[in-house]
Amino acid sequence: MSDVDSKFVSRAKKRIKEAKKRSRPELSDYWSWNMLNYAVHFERYKVVNDTIERIDINKVSLEEFVKKYEKPYKPVVITGIQSNWGALQKWTLHRLSKKYRNQKFKCGEDNQGYSVKLKMKYFINYMQSNNDDSPLYIFDSGFGEDRRRSKLLEDYDVPLYFKDDLFRLCGENRRSPYRWFVMGPARSGTGIHIDPLGTSAWNALVQGHKRWCLFPTHTPKELLKVSSADGGKQRDEAITWFSVIYPRTQLPTWPQDCKPAEEPELATIADSVDVRFSTGVASDSSSSCSSSSSSSSCGTDDSDSGQESLTPHKKRKICKGTPSETQDCYISSFT
Ligand SMILES: O=C(O)CCC(=O)C(=O)O
């Protein structure tokens with residue numbers, strides 16, 4: 001390794017260690033990040049019972065979409081949306097690590113509710129080398145307000161079905177977070193939560209795999225919550241939810257009217273991407289999903305989640321409102 005490379009690696013290690021410590025202080029021993037060995041036993045999480053309907057945006061009108069899916073809160077996968085998106089070419093690890101190399105993205109939140117950020121070059125290094133059970137996860141709603149990072153906005157369009165946006169009337173400075181850039185390695189993701197004030201989100205997966213599990217709104221919270229006895233320090237993490245609660249949803253004893261809708265992957269190129277080895281770049285979830293699965297409707301100014309965790313544990317400072325349609329752009333998540 002050249003001098004420059006080894007300097008980079010040791011700086012990356014240091015920054016990543018600091019970010020981990022701040023965003024998950026409860027994992028105080030470094031080994032407690034991977035003591036559950038999820039990285040070794042991850043195959044089992046890839047078995048998915050895909051039950052979500054697909055529609056093509058070019059064949060289903062806005063009126064039909066509203067009637068069949070938006071009004072009845074029915075999840076659906078919409079195809080044909082990304083064909084003109086620059087993100088498909090530009091949001092590879094290699095290109096992100098060049099264009100946003102020294103830009104900082106939020107990948108966690110500390111116990112006071114302040115953002116924990118990492119430069120893109122360090123986060124990508126982390127993505128390619130970690131074994132963590134529930135790794136850090138970029139979950140950043142501030143990218144659109146920053147001169148350099150707002151270039152990401154040029155790489156996608158709000159699909160026709162979601163152009164209507166009442167919160168725009170509040171003005172850009174007063175509205176609450178409404179678009180997120182999300183990126184993370186295998187096993188990262190967002191814990192089970194409810195988006196606030198009954199709002200809905202559209203999400204686009206640009207690279208990788210993301211596993212979703214969505215429940216009818218009447219499903220009792222108690223059924224979906226991971227207890228501290230079951231989850232311990234990883235109680236709010238997506239992977240814990242998939243380990244503890246998901247299997248119960250597949251049993252005959254699970255209430256039939258609370259069965260989940262499931263979706264395994266959205267990116268058409270997903271199978272050809274391996275985030276650990278695909279790029280060779282030397283150069284990156286809430287946090288861990290703990291920042292993305294953060295607390296209820298009270299937050300700091302830079303609070304990012306806009307969602308209600310079913311097991312809130314971090315308190316933030318001021319109350320925030322909610323977006324009408326949230327926009328999340330993913331490179332990958334619970335991969
Ligand atoms: O992508 C994620 O990890 C979470 C997205 C989300 O929470 C949402 O769209 O409501």
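**Charged pairs, strands and loops**

The count of salt bridges comes to 19, where a salt bridge is a side-chain nitrogen of Lys or Arg within 4 Å of a carboxyl oxygen of Asp or Glu. Side chains of opposite charge can pair when their charged atoms come close. The model is a predicted one, in which local features need pLDDT of at least 70 and side-chain atom pairs count only at pLDDT 80 or more, whereas totals for chains, interfaces and linings use all residues. Residues are numbered from 1 along each chain as its sequence is written, and side-chain values use heavy atoms, with hydrogens and water left out.

One of these salt bridges links Glu-154 and Lys-151, whose closest N and O atoms are 3.7 Å apart. Glu-154 is exposed, at a relative accessible area of 55%, while Lys-151 is partly exposed at 37%.

A second pair consists of Arg-179 and Glu-172, with 3.8 Å between the closest N and O atoms. Here Arg-179 is buried, with 11% relative accessibility, and Glu-172 is partly exposed, with a relative accessible area of 43%.

Helices (H or I, at least four residues) and strands (E, at least two) are DSSP runs, numbered from the N terminus. Both partners are partly exposed: Asp-230 has a relative accessibility of 41%, and Arg-248 has one of 34%.

We now turn to the whole protein. Its secondary structure consists of 10 helices and 14 strands. Of its 335 residues, 51% are buried. The protein exposes about 16300 Å², and carbon and sulfur atoms supply 52% of this area; accessible areas come from the Shrake-Rupley method with a 1.4 Å probe, and for residues only the protein chains shown count as cover.

Which strand does strand 3 (residues 104-109) join through 5 bridges? The partner is strand 4 (residues 115-119), and the two run antiparallel. Two strands pair if DSSP finds at least two bridges between them. Within this pairing, Phe-105 has Leu-118 in strand 4 as its bridge partner. The hairpin of strand 3 and strand 4 has 5 residues between the strands, and in this hairpin Gly-113 takes a positive phi near 95°.

Positive phi values also occur in residues other than glycine. Asn-37 has such a value, near 60°, and it is placed in the loop between helix 1 (3-23) and strand 1 (54-56). With a relative accessibility of 41%, Asn-37 is partly exposed. Arg-187, likewise not a glycine, has a positive phi of about 80°. Its position is in the loop between strand 6 (179-183) and strand 7 (193-194). Is Arg-187 buried or exposed? Arg-187 counts as buried because its relative accessible area is 5%.

Definitions and conventions
Buried means under 20% relative accessible area, exposed over 50%, partly exposed in between (1.4 Å probe, protein chains only).
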